[in-house]
Amino acid sequence: MTHWLIAPVLLPALMGSLMVLWMRHDLLLQRVFGIVSSLLILGVALILHHDAISGDIYVYRLGNWSAPFGIVLMLDRLAALMLLLTAVLAVVVQLYAIGSGWDRKGWHFHALWMFQLMGLNGAFLTGDAFNLFVFFEVLLIASYGLVIHGGGPMRLRAGVQYISYNLAGSALFLAALGTLYASTGTLNMADMAARVAMMPPDDTALLRTGAVLLLLVFAVKAAIVPLHFWLPSTYANAPGPVAALFAIMSKVGVYAIVRFFTLVFPNDSVVETIASDLILPAALITLTLGQIGVLGTRSVTRMAAFASIASIGTLLIPLAHFNTAGLTAGLYYMIHSTLAGAALFLVVDMICARRGGDHWLRLRPTIRNTGAVSVLFFLAAIATAGLPPLSGFIGKLLILDATWTDPWRIGIWTTILATSVIAIIGFSRAGSLLFWKSHELDPDPGNDTDEGQRPKPGPIPVKLETDEPIQDVDDSAAPWLAFASTGALLAGTALLAIFAGPVTEYLRDTANQLTDPQPYIESVLMQQEDTK
Amino acid sequence: MEILVASAIGAMMAAAIYLILRLRTFAVILGMTMMTYAINAFLFVSGRLVVNRPPILQGSGEAVDVTMYTDPIPQALVLTAIVIGFGMTAVVVMMSLGAFIEGGDDHINMPQDDREMPPLKTVEDTKKIEEETA
């Protein structure tokens, strides 16, 4: 146990560097190394998860310096859950990228993937606020590379918007950290929590400013309305597998909100319910706007992007209460929406590739593998919209149940249920346009005389150039792998629904650990006899 | 001195926000750089403003004079922030150049094609394009 805790950060850093330095010209070697290291990270995540599930909190003091001075990595149930979720998603989506040939479309795909994982894992593990900023930058700089993977003018333009928005977000993060340091005198999250608890309640102006600034930073990361403007264009233009991995990246913002506002600024601290009061209305608007976007957009990639905005809104509604029931429901929906959102992005990528890169919702001839792709799209849409039997339905039930005690419950229930209907309409419209009506344009097989005279609607490009910025179906390494990995994500949501009972029990324990931050604080600040 | 530093940070930040809200990448990059300066100065003063004192304790044991000392942590934070900000600026410059070369102009906004459905090309259109290029 002692040194396993740093492995999720060190392993990808080492492997990513090796890939850049030694095997940049050999894609096969990169693929093998990439998958093996992702599997190793998954193995480490499983070990750590097994340790954390006992309810103990593990502290890893870097350089063995004593707590408020040195940087600590922390492992509790929530961090272990996030690590495991990231690792599973990374392996599956990486297999998709290999199977579909996306990783051949540009340089250093697998190396950037590793650095992305390093940043994600570090952000989940760290117990130091400034270190959280550093890991945010690590994951962002890897994501800047991934988001423009494959190139193309639209993707690069979207990339510039994305990077500008996030640079402003990083500046805001530093401002928040400066404010918090000025008012508490520490950057260690546990120490900060202990000091906030001792603050006089009549002198909290600076502290509140810091808390709200921090909330804004995480809201930018999680794409909460009105700070969501970077998301639709970026996700819609990013390569499919990258957008699928980003399903976990927007959850980093949610994770950070949960971590900070249960540990440092809980609702009974001197800043009172400042976070809940801001998050709940924002979440409701985010959900509504996301689902209206799903219905209103005319591009299928953008539809997936709006669905991911809506899912963030949905999971923040119960989380905003920061109580056991709310956290349980929110975390359940977070696991669900990560898997379902990623699956939706992968299916959409498959559809666009088979339509010659045309992502607009308009009538085109029937695509290749239409049966398999439409089944996957149908399942992903069911999961995302929250219909039974997949886990979205149970997630929404848990959320409705958890918000029953809220004074706003009529508003919350109406919003969730009404927006679900909007999403269902949006997805059915897209599905029928993409898969059903397309048969109208197909040449009639029984009537040979017409053949050749009918003007064929829109040609599908014969063969894409290898440097085209979209997936190349004719030339993919293993198309079955792409189908299998998308199916695996959807099977994950089915399993989540089947084992909803045990999973909710497990998440309730996690939520209980979060609502009682005292052991977390003590494990950092006490028990440090052997440190420098 | 507090007023001087605070107004300097405020002025830099205002200029940065003005530049970031421009529609061209060059102005936005300048604004980002300016914003990094403002934030770095802000971080630096978050350990309180003191003049002429080293960021290290002097003397030893009982003789340590804690009044002759300035907080070293913000200085370390600023150093990290400068390095990260510098790297990020380099990335955004490269990315903007790429977008300028591929996209043809340096607008920050996405072109119309990102929002509006372009008309479907028919077989005749593609043939015409192929003939023209050939």
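**A residue and its surroundings**

A:Ala247 is buried, because 26 other C-beta atoms lie within 10 Å and 20 or more are enough to count as buried. The model is predicted. A:Ala247 sits in helix α10 of chain A, which covers residues 240–263. Leave aside residues up to four places away in sequence. A:Ala247 then touches A:Leu89, A:Ser308, A:Thr338, A:Gly341, A:Ala342 and A:Phe345. A:Leu85 shows how sequence and space part ways. A:Ala247 and A:Leu85 are 162 residues apart in sequence. Their C-alpha atoms are 11 Å apart in space.

An unreviewed entry lists residues 128–414 of chain A as "domain: NADH:quinone oxidoreductase/Mrp antiporter transmembrane". In the model that span is 76% helix and 0% strand. Its end C-alpha atoms lie 39 Å apart.

Now two helix pairs of chain A. Take helix α11 (residues 274–296) and helix α12 (residues 300–319). Their axes come within 7 Å and cross at roughly 155°. Angles over 145 degrees count as roughly antiparallel, so α11(A) is roughly antiparallel to α12(A). The crossing of α11(A) and α12(A) is left-handed. On the α11(A) side, the residues in contact include A:Ile279, A:Leu280, A:Ala283, A:Leu287 and A:Val294. On the α12(A) side, they include A:Met303, A:Phe306, A:Ile309 and A:Ile317. The residues of this contact of α11(A) with α12(A) divide into 15 nonpolar, six polar and no charged.

The second pair is helix α6 (residues 153–184) and helix α8 (residues 205–222) of chain A. Their axes come within 8 Å and cross at roughly 155°. α6(A) and α8(A) are therefore roughly antiparallel to each other. The crossing of α6(A) and α8(A) is left-handed. α6(A) contributes residues including A:Gly169, A:Leu172, A:Phe173, A:Ala176 and A:Leu180. α8(A) contributes residues including A:Leu206, A:Leu213, A:Val217, A:Val220 and A:Lys221. The contact of α6(A) with α8(A) divides into 13 nonpolar residues, five polar and one charged.

Next, the partner chain. In the model, 33 residues of chain B are in contact with 34 residues of chain A. On the side of chain B that touches chain A, α2 (25–45), α3 (73–103) and α4 (123–133) each supply at least two residues. α3(B) gives the largest share, 14 residues. By type, the residues on this side of chain B divide into 21 nonpolar, nine polar and three charged.

The record also covers chain B. An unreviewed UniProt entry annotates residues 26–45 and 76–101 of chain B as "transmembrane region". Residues 26–45 of chain B are 100% helix and 0% strand, with end C-alpha atoms 29 Å apart. Residues 76–101 of chain B are also 100% helix and 0% strand. Their end C-alpha atoms lie 38 Å apart.

B:Phe86 lies in helix α3 of chain B. B:Phe86 counts as exposed because 12 C-beta neighbours lie inside 10 Å, and 12 or fewer is the limit. B:Asp71 is 15 residues from B:Phe86 along the chain. The C-alpha atoms of B:Phe86 and B:Asp71 are separated by 24 Å.

Terms used: Residues numbered from 1 in each chain as written. Chains lettered and ligands numbered in written order. Predicted model: local features only at pLDDT ≥ 70, side-chain atom pairs only at ≥ 80, totals over all residues. Axes fitted to C-alpha atoms, helices over the stretch in contact; angles between N-to-C directions. Helix = DSSP H or I, 4+ residues; strand = E, 2+ residues; numbered from the N terminus. Parallel < 35°, antiparallel > 145°, perpendicular 65-115°, else oblique. Left-handed = near helix turned anticlockwise from the far one by under 90°. Contact = placed C-beta atoms within 7 Å. Nonpolar A, V, L, I, M, F, W, Y, C, P; charged D, E, K, R; others polar. UniProt positions renumbered as here; feature names shortened; annotations may be inferred.
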